[in-house]
Structures are given as structure tokens and as C-alpha cells.
Amino acid sequence: MIQINLEYSFLTPNGKKNLSINTEIPEKEIIGLSGPSGAGKTTFLRILAGLETPERGKIKVGKQVFFDSEKKMNVPPQKRKLGFMFQDYALFPNMNVEQNIDFGRSHKHNPELTHRLLKIMDLQNLRKQRIHQLSGGQKQRVALARALATESSLFLLDEPLSALDLPMRTKLQEEILKIYESLQPTIFFVSHDKDEIHKLSTYILQFNNDKVELLKK
Amino acid sequence: MIQINLEYSFLTPNGKKNLSINTEIPEKEIIGLSGPSGAGKTTFLRILAGLETPERGKIKVGKQVFFDSEKKMNVPPQKRKLGFMFQDYALFPNMNVEQNIDFGRSHKHNPELTHRLLKIMDLQNLRKQRIHQLSGGQKQRVALARALATESSLFLLDEPLSALDLPMRTKLQEEILKIYESLQPTIFFVSHDKDEIHKLSTYILQFNNDKVELLKK
Amino acid sequence: MNSDFLNTLVLTGKLAISTTIILLVISLPIGYWLTYSKFKFKAPIEAFICMPMVLPPTVMGYYLLVAFSPENILGSFLDQYLNTRWAFSFQGILIASILAGLPFMVQPIQNGFSSLPKSYKEASYTLGKSSWVTFYKVLVPNIKSSIITGVALTFAHCIGEFGIVLMVGGNIPGQTRIASIAIYDEVQALNYPAAHQYSLVLFIISFFLLVLIYSINKNFKINTL
Amino acid sequence: MNSDFLNTLVLTGKLAISTTIILLVISLPIGYWLTYSKFKFKAPIEAFICMPMVLPPTVMGYYLLVAFSPENILGSFLDQYLNTRWAFSFQGILIASILAGLPFMVQPIQNGFSSLPKSYKEASYTLGKSSWVTFYKVLVPNIKSSIITGVALTFAHCIGEFGIVLMVGGNIPGQTRIASIAIYDEVQALNYPAAHQYSLVLFIISFFLLVLIYSINKNFKINTL
Amino acid sequence: SPKEQKVTIAAAANLRYVLDEIKEQYIKENPEVQLQMIYGSSGTLTQQILNGAPYNLFLSADTKFPESIVKKGMAEGLPINYCYGRLAMWSSSIEVSKGLSILTSPQVKKIAVANPSQAPYGETAVNLLKKLNLYNQIENKIVWGENINQTAQFASSGNAEVGFIALSLALAPQMKEKGKYYVIPENQASPIAQAAVLIKGQENNKQAKIFLNYIISPKCSSLWEKYGYGLANKK
Ligand SMILES: Nc1ncnc2c1ncn2[C@@H]1O[C@H](COP(=O)(O)OP(=O)(O)OP(=O)(O)O)[C@@H](O)[C@H]1O
Ligand SMILES: Nc1ncnc2c1ncn2[C@@H]1O[C@H](COP(=O)(O)OP(=O)(O)OP(=O)(O)O)[C@@H](O)[C@H]1O
Ligand code: MOO
Ligand SMILES: [Mg+2]
Ligand SMILES: [Mg+2]
């Protein structure tokens with residue numbers, strides 16, 4: 001079970017904005033995050049990853065407590081064992097495509113994985129290319145591959161396929177489902193595409209400007 | 001008429017890659033650019049804007065020659081009078097939302113325009129917000145507004161609506177059509193969404209890995 | 001602290017502030033050019049800007065004195081046509097300080113420009129803005145932190161600069177005797193209490209000015225990152 | 001050029017290279033800390049790092065001499081427990097150079113770290129990498145251009161540094177007489193031809209080393225921007 | 001071994017030329033001794049000595065600095081007067097033979113003088129100008145050199161028309177051909193007593209003492225006189 005109770009607020013020029021989420025989600029599911037621009041989807045993923053600290057609340061994933069404001073517990077991102085894909089990719093310009101994906105790999109002994117991911121993402125030919133020499137969609141695929149390379153049990157994917165053409169998008173949806181079937185991780189992903197959410201997710205976390213709801217599909 | 005004959009090649013770690021485009025497109029149309037990731041859509045827009053220089057060829061928009069390799073002519077981007085929206089936004093971090101849009105405005109005497117665009121993009125409340133305090137979709141709308149603020153006769157929009165939720169996306173498609181009707185500019189836009197291309201464009205420029213075709217809708 | 005030292009401090013401040021402002025104004029275009037120009041031999045030019053640093057300051061000062069001398073081209077031109085002499089004058093030490101401080105300002109600024117994403121410049125150009133508008137509205141405001149580094153280094157260096165100024169300025173009270181020379185004088189004359197006192201005053205004033213400069217930077221960062 | 005000056009050049013190179021390497025090693029963590037620490041009083045610490053600059057080098061050198069003297073705490077500790085003396089020794093001028101060069105290395109490096117997007121660090125953390133791996137595999141490689149600036153400034157400054165070294169090192173041939181002091185000596189002796197010749201040699205060598213340093217930077221930029 | 005015979009001598013800048021010649025002569029007679037000369041302003045050298053510089057012998061440009069070393073208990077024995085220096089007025093562009101009266105002429109825009117608080121030659125020059133009631137008239141023309149060498153550079157580069165320097169520098173080959181000098185008569189400025197002192201606790205001080213005795217011996221008289229110094233034992 002993933003237990004989430006949190007209060008978070010950002011200071012904006014027009015005063016405080018509040019994000020309050022209270023829900024329980026079973027583990028090993030694919031949860032689609034959906035909602036209008038600026039509703040807090042990215043912020044929620046960042047909180048799960050430990051990049052933002054809620055004001056109050058508790059976050060527990062399985063047996064591991066990530067955050068507990070009462071016990072003043074806050075596990076740092078490095079220890080949360082997850083794979084995060086950033087909405088704006090956050091690739092490392094000092095590394096080429098392959099090195100970026102390699103950097104995500106947590107197991108030293110598995111160079112095979114990088115090759116498999118390069119193949120899945122159709123990036124074999126761009127293996128040695130520098131990040132600034134990639135197109136938008138190519139960057140997005142590298143970022144996705146880097147997150148998947150962690151082989152963790154929790155993936156947080158922020159609009160993983162938004163910059164891809166339909167055939168590629170459909171293909172990668174299948175691949176994500178394959179990974180889900182083989183590793184059984186929990187996957188949170190943000191998407192603005194109804195069909196995609198429908199196809200991939202087992203739960204939907206619907207962000208609205210005032211509240212956040214969990215819907216079973 | 002927009003006359004495009006160009007040869008462009010990028011050096012990649014696996015050798016040269018060629019982009020060759022020869023076509024004529026009527027002015028004052030909306031041209032949807034579509035095709036797989038890495039096919040050269042962004043590169044094509046950058047060439048039109050004067051940010052990349054083709055190896056050979058000629059680009060003529062109406063009566064203005066933008067580029068002519070034989071006459072060694074190459075009009076710099078500043079003089080091409082267009083509005084370019086970058087795929088990765090390229091907003092200025094030293095300015096807030098309103099200042100970014102204002103910066104795009106070419107007419108000093110028209111502060112009204114900024115307000116109208118803020119309203120269209122549903123960004124009034126975020127007027128004074130800094131760029132790093134925006135969500136992905138909010139950034140995308142600022143970038144679109146900044147490009148539209150130029151009120152030029154040629155807009156180059158690189159995936160303008162890809163990070164937006166469906167209601168907002170639909171609304172902004174309408175707004176783009178309204179602007180098209182009132183100003184009669186030529187608009188090139190990139191999209192991976194079949195429906196969007198269908199709804200907005202009058203011509204489709206289809207990028208495939210080997211060739212680029214113009215389709216009349 | 002006697003009034004002589006006060007005058008000296010005022011003069012030091014005047015020199016350091018003038019040098020810093022002038023260097024800022026000339027280093028922004030130099031740094032811009034060094035970053036964006038497609039000129040092939042930029043590395044030699046960058047190296048050349050650092051060259052005043054590799055000579056000992058007194059020797060650098062000596063060469064400047066030779067250049068300023070009415071017996072030589074520059075000096076005789078100044079003397080005859082402009083009726084001015086740079087040796088032993090405020091102009092002279094100002095020019096010496098500017099030369100000595102150039103790398104400390106140009107280097108961080110150039111580094112700042114070159115770490116900006118090139119899309120800033122491109123975006124501004126495609127919005128129809130001139131290079132000049134792009135420069136002062138987009139590029140310069142986004143390298144504030146590098147500018148602060150340059151200003152702090154230049155300012156601090158200018159306060160402590162001494163060999164060149166002593167040589168070119170001739171240690172004239174009220175005209176070219178800056179604080180670092182006054183302190184040096186006291187140490188040389190074995191007047192340690194006075195030297196310590198002066199050092200402390202210089203130290204404290206510089207310290208607070210630098211804290212001020214750095215705080216500006218900190219505020220800026222909070223606003224953008 | 002006689003063999004004395006050759007020895008002097010070798011010593012100068014040894015000092016400048018040691019200083020630059022040591023400063024690089026200590027400035028990377030200092031710059032990292034100054035950028036990322038949430039400590040409130042960073043501006044004063046940044047200002048403090050610049051303080052050795054605002055005192056005239058000879059005076060700074062004088063204070064170091066006093067500190068190194070066996071009559072004082074540091075000096076007597078070194079003397080009794082480590083059986084070494086820093087005044088008038090290579091260690092002494094090395095420490096003096098490091099102190100004098102610190103701001104030229106720390107400043108650009110700090111500036112480099114703070115202009116990196118914070119997402120690099122965040123991305124590395126969320127991939128489960130430690131701060132240390134993040135530091136040396138992600139952050140440091142992405143501020144190469146700032147590091148080059150720091151290295152060039154420090155190196156050039158160290159070659160020309162002279163007041164502090166003269167004071168602390170005492171101009172002893174083969175041990176503490178570096179090139180800048182040798183040139184100063186010749187100028188003082190009014191031996192201009194020798195001074196010019198030495199200056200030229202120092203100039204040319206430094207120039208080529210700096211061109212080399214800057215070319216590395218240029219190559220790096222071509223690869224990433 | 002040669003190391004045991006090494007003597008390090010810190011000498012005031014005005015001694016450079018004469019001492020280099022004395023050294024040459026001495027080494028010929030005593031090839032086993034290695035003499036290392038370190039020149040600087042008397043003030044800088046004094047500070048280094050007070051902080052433990054490994055020098056055997058200090059030859060100052062005055063008596064004040066050696067005395068301060070004695071007072072700190074760092075000297076071996078008392079200061080010994082080894083020569084008398086003479087002050088000279090030097091110029092590359094102006095006829096100085098007429099004496100000090102030219103200082104007030106409008107042709108003379110800058111006058112280089114050594115800093116009196118550090119350099120004995122500067123102190124002597126200032127006292128001289130004050131005694132002749134010239135100081136107030138020309139004070140605003142004076143530029144101050146850190147030591148007597150820098151003062152000479154101000155004048156020799158042509159930026160200062162006139163400089164008050166040590167006669168020994170005016171007679172040095174580097175300056176001699178470039179300009180003219182005027183020796184201040186003894187009745188206006190008495191010769192400057194220069195003193196030497198041995199530094200306590202250094203190796204080879206025995207050799208240093210022998211060298212000190214050598215420079216005040218008649219063997220060196222002609223060299224001192226060549227550079228315009230007065231001999232210590234005569235005055
Ligand atoms: N650093 C920040 N400081 C202040 N406000 C912020 C900051 N980052 C985000 N915000 C605001 O928080 C809100 C939620 O942002 P978030 O990025 O989570 O939205 P989102 O749901 O991911 O939107 P999108 O679909 O556009 O990516 C937005 O209104 C945004 O302006
Ligand atoms: N600076 C560069 N140097 C070398 N190759 C580059 C550079 N920029 C882009 N490319 C390559 O050029 C090709 C076309 O890139 P472009 O950005 O135009 O694609 P795109 O059609 O916009 O793709 P997307 O839909 O993913 O944005 C890609 O294969 C890319 O790797
Ligand atoms: O101590 Mo000196 O000889 O006046 O420079
Ligand atoms: Mg988001
Ligand atoms: Mg693209």
C-alpha cells in the first residue's frame with residue numbers, strides 16, 4: 001500500500017497556493033496522473049521523489065516511510081530507490097546518449113540493459129551523440145531510458161511520451177507495459193492523452209485545481 | 001508563395017545526415033509539420049528562422065529572399081520578421097511572465113496586446129511569476145504568447161500545445177484560428193497529434209526519414 | 001587614525017571604484033566578443049589579456065613609466081598635444097590599475113556569457129530584437145552572478161594593488177598614495193602599531209564592501225533559481 | 001640567458017604548478033559548499049576569502065612572516081613538533097601563494113556551480129547516486145569552463161606574484177627566488193637589458209601555457225554547446 | 001664542502017655595484033668561500049632578519065636599522081660602520097652642475113626623492129632641502145621612491161627631471177652615460193654613515209666576520225672610492 005497524506009504550499013506572487021493530497025494506492029499498479037496545467041502533478045512527483053518537502057503529513061511506500069513530519073523523518077532522494085523522469089528531461093550535457101543511460105543503471109554488472117534500452121528507444125544509431133545534438137523527442141526517449149535503467153520498484157514518469165509521434169508512442173506504451181509485467185514495479189506517470197491513460201493505467205489520480213481524487217479504472 | 005529549395009546536413013557520430021526540401025507553399029496558410037522524432041521538423045523551422053544555414057539552396061517568402069546560396073545572401077534572423085516558438089521554450093529567466101511576453105511585442109504602443117495574450121493563455125494570475133516558478137504547461141503557454149506577441153506575418157511554432165491538457169489545448173487551437181482569421185499570417189506548426197493537424201492546418205508538410213512531402217488537405 | 005590616512009582611504013576608494021566601473025564597462029563588450037566571435041585566434045587574445053599578471057607589478061609599473069616618459073612616443077604625444085603627463089598622476093595610476101585588473105573582470109564575464117544557453121540569444125533574435133537589445137536586455141541580466149564575481153575580484157585586487165601604483169604614482173600624498181602604499185610605508189619604517197591599525201581599517205572597510213557586493217548576488221540568486 | 005635564470009624559471013614553474021593544483025583540489029569542495037550549503041552567512045565567508053587580496057602583498061607577507069616566526073604559536077608548533085620552519089623555505093612561499101591565489105580559483109568555480117541548473121543535481125540524486133558521485137561525475141564535468149578560468153587566473157597570478165613571496169621567501173637563489181623576483185632584482189639594479197630579456201622569456205612561456213589552457217576550454221565548448 | 005663555506009649577505013640596494021666588484025676580488029683570493037648577495041631596501045631586509053631570515057651579515061644604508069636588530073637581541077656584536085655614502089642630484093635632461101638653485105625653475109616639474117622614513121638617502125635629501133628653505137617651495141614637485149633604486153628609476157626614465165640619489169648609483173655604468181650629476185657638498189649634507197651587523201645564530205658567521213673585516217680593509221679602499229663612498233676609518 002502507498003499511503004499519502006500531505007499538505008504542501010507554494011508561494012506565488014498572488015499569495016500561497018495549497019496542494020493537499022490524502023489517499024491510499026495499492027502497490028505494483030500503474031497510476032495515471034491527469035489534470036490541468038499547473039494543477040500540481042509535477043509537484044506531487046517531486047514530493048514523492050524527495051525533491052520537495054511537504055509542510056505536514058506522511059508518505060509511506062510499502063514498509064518504507066519516506067516522510068513523516070511528526071517524527072521529523074525525511075528520507076533523502078538518493079535513498080528512496082526510484083527512477084524519476086523529469087518533464088524537462090534534465091539530461092547531463094557532459095555525457096553522450098549511452099553514458100546518460102548508463103548513469104541511470106544501478107547494477108554495475110548489467111551492461112546488457114543499456115543496449116536493450118537503446119534498442120527499445122530506437123536510439124542505437126545515436127549512442128555516441130551528445131545531448132545538444134538531439135531532437136526533442138530523442139531527448140525524451142533518452143530521459144525515459146535513463147529512468148527505466150534504474151530497474152527500481154517505483155517509477156515516476158513526468159509526461160514520458162508527449163513529444164513523440166504516434167507510432168513511436170504506441171510502441172513505447174507497449175514496452176512500458178512489458179516492463180511492468182516483468183518487473184512488477186509501481187509506476188506513476190503524467191499524461192494529457194486520454195487514450196494513453198486509458199491504455200496504461202489501472203488507477204487514475206485526477207488533479208483538479210481544488211482537490212485530488214483517486215479513481216479506479 | 002513561399003519557395004523552398006534547400007540542402008542541409010548535420011554531422012552526427014554516424015556520419016552525415018541529409019535533409020533535402022524542395023517545395024512551394026502558398027502564403028497565408030496554416031501548414032502542419034508532422035513526422036517521426038528526429039526527422040528534421042525543428043531543423044526546418046530553424047532554417048526558416050535563419051538560425052541554421054543550409055549548404056545550398058534558396059528560400060523566398062513572398063517577395064523577400066531569406067536565403068540564396070548562389071547570391072551569397074543570408075538575411076539574419078532579426079530581419080526576417082517572424083515569431084518563433086521554441087520546442088524547449090527558451091524563456092528568459094531574468095524576466096517574469098509578463099515581461100517575457102512584452103519582450104516579444106514589436107509595437108511599443110500596444111500594451112493592450114500583452115494583457116489580451118495573458119488572458120487568452122489563462123496566465124493573468126501568474127503575470128508577475130518568475131519563469132522557474134512555472135509548470136511545464138504554463139511555460140509552454142508563455143512561449144506561445146511571446147511568439148504571437150510579435151504580430152508578424154510568419155509564425156513558426158514548434159509543438160506549441162503538446163504539454164497542455166485537452167480543454168486548454170482545444171481552447172488554444174480556437175484562439176490560433178482566430179488570430180489566423182484576423183491577421184492572416186502564414187503559420188508553420190509542428191504537432192504529433194493527428195486531430196490537431198487535421199483541425200488547424202490547410203497544408204501538411206510530412207517529414208519522413210528520407211523525404212519531405214507537401215500534402216494539401 | 002590621522003587625517004592623512006583618511007585622505008588616503010578616500011583616494012583608495014576613488015581609485016578602486018573608478019577602476020571597477022571603467023573595467024565593467026569595457027569588459028562586457030570584450031567578454032561578449034570573446035564568447036560569440038567566430039575569430040579563430042581567440043585563445044591567444046584571452047592569454048594576452050592575462051599577460052599583465054605574469055610580470056611582477058613593479059616591473060609592469062616600470063614599463064608603464066617608460067611608456068609615459070616624455071622621452072618616448074606615447075609620453076611625448078601626451079605632453080605636446082594634450083599637455084598632460086600620466087606619470088605620477090591620478091590618471092596614470094588609474095590606467096595602471098585598469099590594465100592590472102582587466103583579466104579579473106573579463107574572465108568571469110566571458111565565462112558567464114559562454115555558459116548561457118545559446119537559445120537565449122536565438123530567441124531574442126527571432127523576436128526581431130537587435131544584437132544591442134539582446135545584449136543589454138537578455139544576455140547581461142542573465143550573467144549577473146558572473147558580473148558580481150568580476151566586480152568583487154577587481155575591486156579587491158585594486159585595493160591591494162600596490163607595486164604598479166607605487167611605481168607609476170610616485171607615492172604622492174593626496175594624489176597617488178593609496179592605502180596599501182601607506183601601510184607598506186609604515187611596515188617598512190618599522191612603525192608596526194600604525195601599520196596594524198591601518199591594515200585593520202582597510203580590512204574592515206573592504207570586508208563590508210565585499211559582503212555588500214556578495215549579498216546583492218545572493219538576493220539575485222534567490223529570485224531566479 | 002644564464003643558468004641562474006633557468007633555475008629560477010624551473011622554480012617558478014614548480015611553484016605555479018603546485019599552487020594551481022593544490023588550489024584546484026581545495027577550491028572544488030569550497031566552491032561546492034559555498035554554492036549549495038544553506039548556511040546563512042555565506043556572503044561574509046566569500047568576502048573573507050578575498051581578504052588576502054586587499055592588503056598589499058608585502059604587508060600580507062609580513063604578517064605571514066610574523067605567523068611563521070618560532071616566537072609565535074604557529075611557528076613554534078611547526079618548529080617543535082614537526083621540526084620545520086616555513087619562513088624562507090619553499091613550503092613557506094607555497095603556502096603564501098596558495099593564500100594569495102585562493103580567491104582566483106574559488107570565485108570562478110563557485111560561480112560555475114551556481115549557474116548549473118539545479119535539475120542536474122536533482123536528476124542524479126533521484127537516480128540513486130550519492131553526493132560524491134554526483135559531484136565528480138555530473139557537477140564538476142559541467143563547469144569545465146569555469147575551472148579553466150580559475151586555473152588560468154591562478155596560474156598567471158602566481159607567476160607574477162612577488163610581494164608576498166619576496167617577503168616570506170627572501171629571494172634565496174635556487175630556493176625561493178622565483179622569476180618575478182629575479183626580474184625585479186634586475187630592474188632595481190638598473191640592468192635593463194637583462195630585465196627585458198628575462199621578462200620576454202617569462203612572457204613567452206606564460207603566454208604559450210595560457211594559450212594551451214584556453215585551447216582546452218575551446219575544444220570543450222565545441223563539444224557541448 | 002662548499003656548503004660549509006657559504007655566506008649569505010643582505011645588502012642595501014645602494015651597495016649593489018661596489019659590492020659585486022668586491023665580491024669578485026674576494027672570491028679570487030678565497031675560492032673556497034661562496035658569497036651569496038641579496039639586495040633590497042634596508043627596511044625590507046631588516047624585517048626579514050627580525051623574522052628569522054637565514055642571513056649571516058646585514059649591510060644597511062644607515063645605522064638605525066642595524067641598531068634595531070641589536071635592540072631585538074638578534075645581532076652578534078655591535079654595528080660596525082663600513083663606509084660613508086654621499087648624496088647626489090642627478091638628471092638626464094637638465095644641467096645640474098649649477099647646484100640646487102635649479103630646483104625652483106619651471107623646467108623642473110617633478111623631483112624624485114627616496115622615502116625618508118625608510119631610506120637614509122631620502123632623509124638626508126629632505127633635511128638638506130629644509131635647511132636651504134627650498135622644501136616648502138618645491139614640496140608639490142616631489143615624487144617619493146620606495147628606495148634609492150626606485151628613485152633612480154623615476155629620474156632615469158625621464159618622468160622626473162631631477163632625482164636625489166646615492167652618488168654610488170650616479171657613478172654606476174648604467175646611470176653614468178645617461179645623465180649628469182651634482183654631488184652635494186659636504187658643508188650642505190654630511191656623508192651618511194652606513195653600518196653593518198652580524199646576525200646571531202647562523203652557520204659560517206666566522207667567514208662572514210672575515211668578509212666584513214675585509215671590506216673595511218685597505219684592500220677595498222680604491223673600490224669604495226671608485227663609487228664615491230667615503231672610507232669608514234677616515235671619514
Ligand atoms: N518553484 C516554484 N515556486 C512557486 N510556484 C511554483 C514553483 N514551481 C511550480 N509552481 C507553481 O505550482 C503549481 C503547480 O505546478 P506543477 O509543475 O506541479 O504543475 P503540473 O500539474 O505539473 O502542470 P503541467 O501539466 O503544466 O506540467 C503551478 O501553479 C506553478 O506555477
Ligand atoms: N546540433 C546538432 N548537431 C548534430 N545533429 C543534430 C543537431 N541538432 C539536431 N540534430 C539531429 O538532426 C536530426 C533532426 O533533428 P530535429 O530536431 O530537426 O528533429 P525533429 O523532427 O524536430 O524531431 P522531434 O519531433 O523529436 O523534435 C536528428 O536526428 C538530430 O539528432
Ligand atoms: O636601503 Mo636603500 O640603499 O636607501 O634602498
Ligand atoms: Mg508538470
Ligand atoms: Mg523538434
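Student: What makes up residues 9-213 of chain C, in helix and strand?
Tutor: The span is 79% helix and 0% strand, and its end C-alpha atoms lie 19 Å apart. Helices (H or I, at least four residues) and strands (E, at least two) are DSSP runs, numbered from the N terminus. For this span, UniProt lists "domain: ABC transmembrane type-1" in an unreviewed entry; such annotations may be inferred rather than shown by experiment, and their positions follow the numbering used here, with feature names shortened.
Tutor: This is a predicted model, in which local features need pLDDT of at least 70 and side-chain atom pairs count only at pLDDT 80 or more, while totals for chains, interfaces and linings use all residues. Residues are numbered from 1 along each chain as its sequence is written, chains are lettered from A and ligands numbered from 1 in the order in which they are written, and side-chain values use heavy atoms, with hydrogens and water left out.

Student: Why is Phe88(C) called buried?
Tutor: Buried means under 20% relative accessible area, exposed over 50%, and partly exposed in between (1.4 Å probe, protein chains only). Phe88(C) has a relative accessible area of 1%, so the residue is buried. Phe88(C) is found in the loop between helix H4 (73-81) and helix H5 (90-114) of chain C, and its phi is near 60°, a positive value in a residue other than glycine.

Student: Why does Thr42(B) count as partly exposed?
Tutor: Its relative accessibility is 24%, therefore Thr42(B) counts as partly exposed.

Student: Which atoms coordinate the magnesium ion (ligand 5)?
Tutor: They are OG1 of Thr42(B) and OE1 of Gln87(B), at 1.9 to 2.2 Å. Donors are N, O and S atoms within 2.8 Å of the metal (3.2 Å for Na, K and Ca); water is not among the atoms, so sites may look incomplete.

Student: Why is the site of ligand 1 said to be shared between chains?
Tutor: Residues from chains A and B surround ligand 1, so the site is shared. Among the nearest of the 21 residues around ligand 1 are Lys41(A) and Ser135(B), where near means that a heavy atom of the residue lies within 4 Å.

Student: What makes the approach of Gln129(B) to ligand 1 a polar contact?
Tutor: A polar contact is a pair of N or O atoms within 3.5 Å; within protein, one must be able to donate a hydrogen and the other to accept it, and residues adjacent in sequence count only if both atoms are side-chain atoms. A polar side-chain atom of Gln129(B) lies 3.2 Å from an oxygen atom of ligand 1.
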